[in-house]
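Take a look at the model below.

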Amino acid sequence: MAQRETSAGEADDVDAVTRAVLTASRVLMAVFARSLAEVEERVTLPQFRMLVVMSGRGAIKLVALAESLRVTPSTAMRMADRVIAAGLAERQPNPDDRRETLLTLTEEGRRTVESVTARRRAEIRAIVQRLRPTQRLALVEALDAFNEAGGEPPASGGAHLPPPGWST
């Protein structure tokens, strides 16, 4: 694979962006940790991630869930057992193939995902509202490009651009 030559300025720019993204990731991890505070007795961050995937995908086979989480099926099974024991998910027979089991969220699991996500969204919104409108637009463009480069699909919840009147 051929390497692209970079000037010292480009390398500095990549390093500056990397530092900024790492700093932003610390801010986001703090937000995520606070958003899970109310449910941390029942669910860990990896388990919550599992619930979010299940919330977005609906009834799902364990193997597909493991692939989505990028864990082994045995790890996914242990995680699933824990969220099932917590009353957040359940197993049910696959109506298309009775030999298979599907995992689905319970109503309590759905409420948990919605509650944590709402707290997370509110805190991120409060941070974003401190930015000037031009900074917000630049952030949306930069994060969309970053997410695309990382292979992450857009999050649900509406358009990418801030709605009219979104200034502070």
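Buried means under 20% relative accessible area, exposed over 50%, and partly exposed in between, with a 1.4 Å probe and protein chains only. This is a predicted model, where local features need pLDDT of at least 70, side-chain atom pairs count only at pLDDT 80 or more, and totals for chains, interfaces and linings use all residues. Residues are numbered from 1 along each chain as its sequence is written, and side-chain values use heavy atoms, leaving out hydrogens and water.

Start with helix α2, residues 45-57. Helices (H or I, at least four residues) and strands (E, at least two) are DSSP runs, numbered from the N terminus. In α2, Gln 47, Phe 48, Met 50, Leu 51, Val 53 and Met 54 are buried. Gly 58 follows α2, and its phi is positive, near 75°.

Axes are lines fitted to C-alpha atoms, for helices over the stretch in contact, and angles run from 0 to 180 degrees between N-to-C directions. So α2 is roughly perpendicular to α5 (65 to 115 degrees). On the α2 side, Phe 48, Leu 51, Val 52 and Ser 55 make the contact (heavy atoms within 4.5 Å). Thr 112, Val 113, Val 116, Thr 117 and Arg 120 meet them from α5.

Turn to the strands. Strands pair if DSSP finds at least two bridges between them. Six bridges join β2 (residues 89-94) to β3, and the two run antiparallel. They form a hairpin with two residues between them. Pro 93 stands opposite Thr 101 in β3. Strand β1 (residues 60-61) is joined to β3 by two bridges, also antiparallel.

Methods:
Parallel < 35°, antiparallel > 145°, perpendicular 65-115°, else oblique.
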